[in-house]
Structures are given as structure tokens and as C-alpha cells.
Amino acid sequence: MSSRFTVFVSSTVRDFGPVRHDIRTWLKGRGIDVRESEDPEFPVDPAVHSHDACLRAIEGSHLFILLIGWRYGGRYRGTEQSITWREYDEARYLGIPVIVFILKDAAFEAMRIAQARRANEPLPGKLDPDVYRFIDAVRRVPHDNWIHEEWDGSVTYLKKAVDARLGALFVSYQKPHRELERMALRMVPYALARLQLDEALGQAHAEMRAAGATPERRRDLLAKVLAVVVTYRTQLFDFGPDDRYNFVVHKRRGDRLEVFARRHHPEIVTHDRGWPVGEGHVGLAAEGELLVSPRLQDVDGWRAEYPSDEENYVSSVCAPIYASSVPEGDPVGVLTITSNRANHFRFPEQVEVLTAQSLASILSMIGVLD
């Protein structure tokens with residue numbers, strides 16, 4: 001992370017190229033580091049997808065500037081959400097102050113669409129529906145919603161608005177980024193929780209080997225392991241007191257995956273759904289792929305089977321489980337963790353996702369689904 005104050009500029013590039021160049025030049029002239037994806041100095045991690053490299057660059061930033069115009073732009077890794085929208089969500093998740101500028105003509109069209117929807121009238125067709133969804137989502141944010149909807153597209157307007165915000169932020173961000181501090185404080189309780197989890201997994205393995213593991217016995221032992229996971233869900237997976245958690249292991253039977261064991265938040269009404277292999281996040285993970293979704297509703301093919309689905313299952317990670325006897329074979333099950341908080345699980349290298357993947361690997365090694 002740069003020791004200097006850093007600003008991340010997010011927008012579609014093709015239509016805002018000159019503005020992005022001018023704002024970068026102005027900020028750098030004031031001794032501020034600027035991160036824009038087209039800049040040759042943009043920090044790139046060759047080990048990750050280019051979309052996720054942009055998300056990593058946001059982590060070390062102190063201010064996030066979002067420009068919204070008429071274009072929606074490219075979509076984030078096959079979802080319905082644009083890359084720009086995904087970057088905005090990431091900045092908000094990390095608690096980075098955000099300043100939003102919306103071209104006034106686009107903002108006006110979005111207002112007309114909102115009015116037409118409320119009156120059940122034909123919708124104006126000038127603004128891309130996806131851009132309207134994005135603007136509407138930004139407008140609905142309850143806090144830190146510095147939105148400028150009268151932007152005329154000029155850099156002069158941007159400078160005045162950003163200048164008004166920078167003074168307080170320079171004072172506020174003389175210390176390391178607060179998210180990094182929070183993660184550092186998590187490390188000791190995380191390590192202690194991992195010891196408890198590893199002990200529970202080791203005991204389950206020993207009991208399975210000693211007891212002649214019937215499917216029923218394996219199910220009981222796995223339930224005990226998941227109970228430990230729930231106990232330490234805050235330390236291991238960053239679940240807050242108001243987050244609805246769901247930990248479930250599906251076992252493959254033929255071409256379907258059926259619930260084998262689960263632990264969940266008491267307010268979640270379960271339906272113990274099965275999934276065909278290759279269908280949905282659970283079914284795709286059964287083909288051997290780790291799947292992470294910041295917001296399930298933005299994934300192609302998402303559908304809420306029950307009214308409570310959109311409320312309970314918002315972010316997820318699915319990790320394949322293999323047979324201990326055939327570790328190189330096809331997965332025999334899937335570990336799924338869901339949260340009702342958007343962006344809870346964000347990318348494969350995140351600590352919470354790595355922990356889920358590690359848990360699935362250990363369950364594979366001890367043969368819980370053999």
C-alpha cells in the first residue's frame with residue numbers, strides 16, 4: 001500500500017478518457033497517488049483475473065471517485081453487474097469514502113424512469129436499463145452517499161467537489177487503512193479458532209476410523225464439525241452478529257447433490273434442496289470448481305425459488321469435496337457457505353474464502369463423504 005494519499009478513479013474508460021486523464025494530472029500535481037486501470041503504473045497482480053486486479057487496487061486507496069454517464073461498460077466476470085458497479089460495491093464494503101458524479105442528463109433520465117415506474121407509465125427509452133439500475137442502487141445507499149447529479153462533464157466541476165472533501169480526508173487517513181488494521185486485529189482470534197476447528201476435524205477423523213464409519217456415523221460427526229464452525233463463525237468467516245449464516249454439505253448421489261449435513265441461522269427456514277450436477281453454484285462446484293459470488297442475484301441464471309431466498313442467500317462460496325480414496329477423481333460433494341450480506345465473499349484469495357477451501361480439503365482428506 002502506498003504511504004501517500006491515494007485516490008481510485010472508477011468509470012467506463014472509453015467515454016471518460018479525457019476527463020480521467022485531466023483529473024489524474026490534477027491530483028498528481030497535488031502529490032496524490034492516482035489509480036486508474038489504463039495507467040501504465042496501475043498495480044497489477046499477474047496471478048489474478050484483470051477484473052480482480054482492479055478490486056485489489058481499491059484496497060489501498062483512501063478515496064474512491066465514481067463517474068457515471070450513458071454507458072454501462074463491460075460486465076464483471078460473467079455476471080450482470082458491470083465492472084464499474086462491482087468496483088463501487090468493493091469500495092463501500094471496505095469503508096472507503098466515495099464521491100459519485102453522475103452526468104446531469106443521465107441523472108435526469110434516471111429520474112424520469114423512476115417517475116414512470118411509480119406511475120405505471122411507459123418507460124423513457126433513452127437511458128440504458130442497466131445504467132438506470134446502477135444509478136438507482138447508488139441513490140438508495142443510506143450513508144456516505146455524496147452524489148453529485150448536476151455534473152456537467154467538466155473537470156472544473158470535479159475539482160471543486162473533490163477539493164471540498166479532501167481536507168477532512170487528509171487528516172482522517174494519516175494512519176494505515178482501517179480495513180488492514182481490522183484484519184490485523186483478527187489474526188490472533190482467527191488462529192485460536194483454527195486450532196479449535198482442526199482439533200474437531202482430527203477427532204472426527206479418529207472416530208470415523210475407530211467406529212467403522214457408516215453413513216449415519218459420518219453424518220453425525222460432520223454435524224459436530226459444523227457446530228464448531230458455527231461457534232467460531234465470526235473469527236473464521238467474519239460473520240457479524242446480525243448476519244445470517246448457512247453452512248451446508250451436499251453429497252453426490254448419481255447426477256444430483258443432496259443435503260448431507262448443515263448448520264444455519266435460526267431465522268432461516270430450510271428446504272434442503274438438491275441440485276443437479278452442473279446447475280447452480282452448488283452443481284457447478286461439483287464439477288471441481290471453487291465458486292465465489294459477492295452477490296448471487298447478479299449471477300446469470302439466478303432465481304429465487306422461495307420468497308426468503310433473496311433475503312437469506314446473498315453472497316456465497318462453494319468448494320468441492322473429494323473422496324479420500326480417490327483424491328484425483330470427481331468431487332463427491334460440495335461445501336457451501338452463504339451469507340445474507342452482499343460482498344461477504346468477494347474473491348478467491350480472500351481469507352474467508354481460503355478458509356472455506358481449506359475446510360473442504362480437510363473434509364476430503366478425512367473421507368467424510370466416502
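Is Thr-355 buried or exposed? In this predicted model, Thr-355 counts as buried because its relative accessibility is 2%, below the 20% under which a residue is called buried.

**Thr-355**
- Thr-355 sits in helix 12, which spans residues 351-365, and, leaving aside residues up to four places away in sequence, Thr-355 touches Tyr-190, Arg-194, Leu-236 and Phe-237.

**Helix 1**
- Helix 1 (residues 17-29) has 13 residues and reaches 18 Å from its first C-alpha to its last, close to the 18 Å expected at 1.5 Å a residue.
- Its buried residues are Val-19, Arg-20, Ile-23, Arg-24, Trp-26 and Leu-27, and, because they fall within an arc of 165° when seen down the axis of helix 1, they line one face of the helix.
- On the face of helix 1 turned away from that buried side are the exposed residues Pro-18 and Gly-29, while Gly-31, just after the helix, takes a positive phi of about 80°.

**Largest pocket**
- The largest pocket has a volume of about 680 Å³ and is lined by 31 residues, of which Arg-273, Trp-275, His-281, Val-282 and Trp-302 lie nearest its centre.
- Helix 10 gives the most to this lining, with 4 residues, and by class the lining of the largest pocket has 11 nonpolar, 11 polar and 9 charged residues.

**Second largest pocket**
- The second largest pocket has a volume of about 470 Å³, and of its 21 lining residues the closest to the centre are Arg-77, His-281, Leu-291, Val-292 and Ser-293.
- Strand 9 supplies the largest share of this lining, 3 residues, and the lining residues divide into 9 nonpolar, 5 polar and 7 charged.

How values were computed. Residues are numbered from 1 along each chain as its sequence is written. This is a predicted model: local features need pLDDT of at least 70, side-chain atom pairs count only at pLDDT 80 or more; totals for chains, interfaces and linings use all residues. Side-chain values use heavy atoms; hydrogens and water are left out. Helices (H or I, at least four residues) and strands (E, at least two) are DSSP runs, numbered from the N terminus. Buried means under 20% relative accessible area, exposed over 50%, partly exposed in between (1.4 Å probe, protein chains only). Contact means heavy atoms within 4.5 Å. The expected span of a helix is 1.5 Å times one less than its number of residues. The arc is that of the directions from the helix axis to the C-beta atoms. On a 1 Å grid over the protein atoms alone, a cavity is a set of points where a 1.4 Å probe fits but cannot get out, and a pocket is an open set with protein on both sides within 12 Å along at least five of seven lines; lining residues have an atom within 4 Å of a point. Grid points are joined across faces, edges and corners, and a volume is the space filled by probe spheres set on the points. Ala, Val, Leu, Ile, Met, Phe, Trp, Tyr, Cys and Pro count as nonpolar, Asp, Glu, Lys and Arg as charged, and the others, Gly among them, as polar.
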